[in-house]
Amino acid sequence: MLDLKDKTLLVSDALVAGEWTKGQCQFDVTNPSTGAVIGQVADCTSEDAERAIQAAEVTQKEWAKCAALERADVLMAL
């Protein structure tokens with residue numbers, strides 16, 4: 001597994017429509033150059049994907065209403 005000093009940075013759940021979900025199970029994520037397991041992530045369902053898409057569509061419409069400078073400020077802050 002990936003060795004992080006701050007373990008809170010390693011989240012295996014999926015963020016779907018603003019909520020963390022575990023999915024039906026987890027699957028390993030590997031380093032392609034070594035094959036070593038570096039973490040695990042949620043294996044989401046097609047329903048999870050649909051909820052994420054619907055939430056993204058709503059959020060995109062709100063984001064599009066913001067002025068370009070405001071969006072730039074948000075992105076720069078990140």
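Biologist: How confident is the predictor in the protein chain, as an average pLDDT?

Modeller: Start with confidence, since this is a predicted model. The protein chain averages a pLDDT of 91. A score of at least 70 is reached by 97% of the residues.

Biologist: Where is confidence lowest, and where is it highest?

Modeller: Go element by element. Strand β4, residues 37-43, is lowest, with a mean of 91. Helix α2, residues 68-77, is highest, at 95.

Biologist: How many helices and strands does the protein chain have?

Modeller: Count the elements, then read their order. There are two helices and four strands. Along the sequence the pattern runs β-β-β-β-α-α. The radius of gyration is 16 Å, while the globule rule gives 12 Å for 78 residues, so the protein chain is more spread out than a compact globule.

Biologist: What does the C-alpha trace span along its principal axes?

Modeller: About 45 × 30 × 25 Å.

Biologist: What share of the residues counts as buried?

Modeller: Burial is judged by relative accessible area, with under 20% as the cut-off. Here 9% of the 78 residues count as buried. The protein chain exposes about 6300 Å². Carbon and sulfur atoms supply 59% of that area.

Biologist: How far apart are Glu50 and Val16 in sequence and in space?

Modeller: Look at both separations together. Glu50 and Val16 are 34 residues apart in sequence. Their C-alpha atoms are 9.3 Å apart in space. Val16 is also one of the residues that Thr21 touches.

Biologist: What share of contacts joins residues at least 24 apart?

Modeller: Take contacts between residues at least 6 apart in sequence. Of these, 29% join residues at least 24 apart.

Biologist: How many positive and negative side chains are there?

Modeller: Count each set, then compare their centres. The protein chain has 7 positive and 13 negative side chains. The centres of the two sets lie 4 Å apart.

Terms used
Residues are numbered from 1 along each chain as its sequence is written. This is a predicted model: local features need pLDDT of at least 70, side-chain atom pairs count only at pLDDT 80 or more; totals for chains, interfaces and linings use all residues. Side-chain values use heavy atoms; hydrogens and water are left out. Contact means heavy atoms within 4.5 Å. The radius of gyration is taken over C-alpha atoms; the globule rule is 2.2 Å times the number of residues to the power 0.38. Buried means under 20% relative accessible area, exposed over 50%, partly exposed in between (1.4 Å probe, protein chains only). Accessible areas come from the Shrake-Rupley method with a 1.4 Å probe; for residues, only the protein chains shown count as cover. Lys and Arg count as positive and Asp and Glu as negative; His and the chain ends are not counted. The place of a charge is taken as NZ of Lys, CZ of Arg, CG of Asp or CD of Glu. pLDDT is the predictor's confidence in each residue, from 0 to 100. Lists of a residue's contacts leave out its neighbours within four places in sequence.
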